[in-house]
Amino acid sequence: MKGYRDDCAGCHGDYGRPSSWGSEDFYPRVPQFALEPPRKPDWELYWIVKHGVRYSGMGAWDRQVPDSTIWQIVAFLTRIDSLPSAVDAAWKRKRP
């Protein structure tokens, strides 16, 4: 969750706070994962985060964060609907 919030939420939104920048200022619009979690297999999300998406605002993160962090973010996203209770409570807690 921390990796997602630090590196992804600015464009992809946080719990209860979609990214107006990501959902209004990009074309195509940036998926808002807090509202609609991704429905892709882990390997495909990993590939997208690592290599980016050509002709979109999604840049490659392979030189920004280690593979282990990418896998942690992927694990969080693919389980966002069934997080352990402590993580779910932290995810839903209002941030300043």
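This is a short chat about the overall fold of a protein model and two of its residues, K50 and S19.

Student: What kind of model is this, and how are residues numbered?
Tutor: It's a predicted model, where local features need pLDDT of at least 70, side-chain atom pairs count only at pLDDT 80 or more, and totals for chains, interfaces and linings use all residues. Numbering starts from 1 along each chain as its sequence is written, and side-chain values use heavy atoms, with hydrogens and water left out.

Student: Okay, how many helices and strands?
Tutor: The protein has 6 helices and 0 strands. Those are DSSP runs numbered from the N terminus, with helices being H or I of at least four residues and strands being E of at least two.

Student: How much of the protein is buried?
Tutor: Of the 96 residues, 32% count as buried. Buried means under 20% relative accessible area, exposed means over 50%, and partly exposed is in between, with a 1.4 Å probe and protein chains only.

Student: Switching to K50, where does it lie?
Tutor: K50 is in helix α4, residues 42-51.

Student: Buried or exposed?
Tutor: K50 counts as buried because its relative accessible area is 17%.

Student: So what does the K50 side chain join up with?
Tutor: The side chains of K50 and D67 make a polar contact of 2.8 Å. A polar contact is a pair of N or O atoms within 3.5 Å; within protein, one must be able to donate a hydrogen and the other to accept it, and residues adjacent in sequence count only if both atoms are side-chain atoms. Leaving aside neighbours within four places in sequence, K50 is also in contact (heavy atoms within 4.5 Å) with residues including W61 and I70.

Student: And where's S19?
Tutor: S19 sits in the loop between α2 (9-12) and α3 (20-24). S19 is buried too, because its relative accessible area is 7%.

Student: What does the S19 side chain reach?
Tutor: The backbone oxygen of G10, at 2.6 Å.

Student: Which other residues is S19 in contact with?
Tutor: Leaving aside neighbours within four places in sequence, S19 is in contact with A9, G10, C11, H12, G13 and Q32.
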